[in-house]
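Here is a short briefing to read alongside the model. Please keep the sequence and the 3D view open as you go.

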Amino acid sequence: MEPIQIIQILAFLLLTTLALVVSGKKYVGIYRNISMGKSEESAPNRILRWKNMLRIALGQGKMFANLPVAILHLCVYVAFVFTQIELIEIFADGITGSHRILYNSIQSSWFTGLYTAIISTIEVLSLLALIATFFFLARRNMLSIPRFRKAEMEGWPHRDANIILYWEIVLVTCIFLMNGADAALHPDEYGFVISSNLGPSLLGSFSENTLHLLERIGWWGHITGVFVFLIYLPYSKHLHILLAFPNTFYARQRPAGHIENLESVTQEIKLMMNPDTAFAAADPSAEIPTFGAKDIGDLTWKNLLDAYSCTECGRCTDQCPANLTGKKLSPRKVMMDTRDRMEELAAFRKSSGEEHDGKSLLSEEYVSVEELRACTTCNACVEACPVMINPLDIIIQMRRNLILEQSNSPEEWNALFNSIENSNAAWAFPASDRLKWTEN
Ligand code: SF4
Ligand code: SF4
């Protein structure tokens with residue numbers, strides 16, 4: 001084995017180990033963060049779980065409301081999936097210090113045609129992905145699309161969305177540089193649909209050494225880009241590429257708009273309606289319940305998985321009647337706040353060894369009272385989400401906490417609550433007088 005091959009193997013193994021250790025640490029951290037949530041029963045219908053995952057996460061089933069954009073999105077997605085095939089050979093080359101190990105092992109057999117067809121498909125998809133990426137960059141930065149211009153998208157979220165698009169351009173360019181230089185070095189081999197046609201004509205004037213160098217730059221550029229992407233992914237909204245799968249798999253299967261009753265409140269109602277049987281069924285040793293959610297530990301693990309799966313696309317906010325009528329509420333921001341607060345609490349626990357930092361998700365710093373009160377519980381955000389996230393569930397849990405734990409409700413509502421509590425009715429009249437309004 002040549003010294004250069006040994007260097008390639010060592011550098012590749014070092015890079016792989018670094019990427020796996022750094023990203024692995026972050027992925028474990030995310031798993032721990034999601035585990036801070038309360039338990040929640042998984043959706044019961046297993047077949048529906050698989051159907052949801054295959055249709056919505058793999059098949060991008062909810063993306064087709066806007067067909068042209070959906071097609072461009074599909075190009076990037078399919079190119080991403082297909083490029084992994086070429087990555088197998090790049091990995092095999094990295095570990096063995098060889099060059100196009102798959103191609104050389106099947107050379108002159110009928111598999112060569114299959115190999116050429118696969119790489120050509122990847123090239124076509126990569127070109128389409130490149131066009132889509134430029135379109136997405138222009139749309140995000142040059143067009144005034146309201147959902148990309150909301151307050152919660154300023155700063156890092158905006159940069160994050162752009163970084164990944166620039167990175168996509170780097171990755172695709174490296175693939176074409178690698179294939180193009182290779183095709184220019186071996187004009188009679190390969191037959192890749194784009195690089196075998198363009199490579200020799202664009203790069204053919206370079207010397208053999210320069211072409212080798214360009215091929216290596218493309219190869220190392222692509223694999224390094226993949227590793228950087230792997231490390232960057234868990235810090236970015238693009239984590240949804242991975243988490244969309246478990247998130248749709250574990251999505252709730254209740255009817256749309258269904259709001260779960262609070263067990264403790266149901267018990268209260270039973271007491272009011274029928275004190276004798278309800279008292280008999282009550283457990284006197286039971287702990288006094290807390291109502292709703294104030295912070296991360298009050299939400300369920302599924303709420304927290306939702307937060308990490310959010311793509312920050314803003315389709316929910318785009319459909320939210322509260323947001324559309326100028327209110328501060330944005331369901332996307334609720335998800336982003338939940339994720340940010342989760343990260344903050346986890347960092348505090350790690351650095352201090354203490355359980356809680358005294359802050360909470362329900363606060364002016366994160367989700368404010370004004371935002372919570374603006375929600376009409378219409379469920380439009382849940383319907384709009386392409387990866388089955390449920391911002392409404394978090395809003396309802398926090399609103400329950402606001403009212404039942406903190407007695408923080410608008411003055412106008414208090415008379416209603418008092419009447420329900422004292423007279424079992426919305427009006428301040430005894431229940432026995434309920435039907436009086438029908439008289440005369
Ligand atoms: S349920 Fe609330 S947050 Fe969701 S779209 Fe309706 S008003 Fe907006
Ligand atoms: S909750 Fe869903 S629709 Fe809303 S921004 Fe996140 S991914 Fe998009």
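Around ligand 2 there are 15 residues, and the closest are C310, C313, C316, R332 and C385. A residue counts as near a molecule if its C-beta atom, placed from the backbone, lies within 6 Å of it. Please note that this is a predicted model: local features need pLDDT of at least 70, side-chain atom pairs count only at pLDDT 80 or more, and totals for chains, interfaces and linings use all residues. Residues are numbered from 1 along each chain as its sequence is written, while chains are lettered from A and ligands numbered from 1 in the order in which they are written.

**Ligand 2**
- Two or more residues of this shell come from each of α13 (315-319) and α15 (331-352); helices here are DSSP runs (H or I, at least four residues), numbered from the N terminus.
- With 3 residues, α15 gives the most to the shell around ligand 2.
- The shell around ligand 2 has 10 nonpolar, 2 polar and 3 charged residues, where Ala, Val, Leu, Ile, Met, Phe, Trp, Tyr, Cys and Pro count as nonpolar, Asp, Glu, Lys and Arg as charged, and the others, Gly among them, as polar.

**Ligand 1**
- Ligand 1 is surrounded by 16 residues, and C320, C375, C378, A380 and C381 are the closest.
- The elements giving two or more residues to this shell are α14 (321-324), α17 (380-384) and α18 (391-405).
- The most comes from α18, with 3 residues.
- By class, the shell around ligand 1 holds 12 nonpolar and 4 polar residues, and no charged ones.

**The two domains**
- The protein chain is assigned domain 1 (3-249) and domain 2 (292-425), with bounds from an automatic or database domain assignment.
- Their C-alpha centres lie 35 Å apart.
- In domain 1, 29 residues are in contact with 30 residues of domain 2 (C-beta atoms, placed from the backbone, within 7 Å).
- On the domain 1 side, α1 (3-34), α2 (46-58) and α9 (240-249) each supply at least two residues, and α9 gives the most, with 6 residues.
- That side of domain 1 divides into 12 nonpolar, 9 polar and 8 charged residues.

**Packing of α1 and α15**
- The axes of α1 and α15 are 10 Å apart, and the helices pack at an angle of about 100 degrees.
- The two helices are therefore roughly perpendicular to each other (65 to 115 degrees).
- G29, R32 and N33 of α1 meet M342, E343 and A346 of α15 in this contact.
- The contact of α1 with α15 has 2 nonpolar, 2 polar and 2 charged residues.

Technical notes. Two residues are in contact if their C-beta atoms, placed from the backbone, lie within 7 Å. Axes are lines fitted to C-alpha atoms, for helices over the stretch in contact, and angles run from 0 to 180 degrees between N-to-C directions. Angles under 35 degrees count as roughly parallel, over 145 as roughly antiparallel, 65 to 115 as roughly perpendicular and the rest as oblique.
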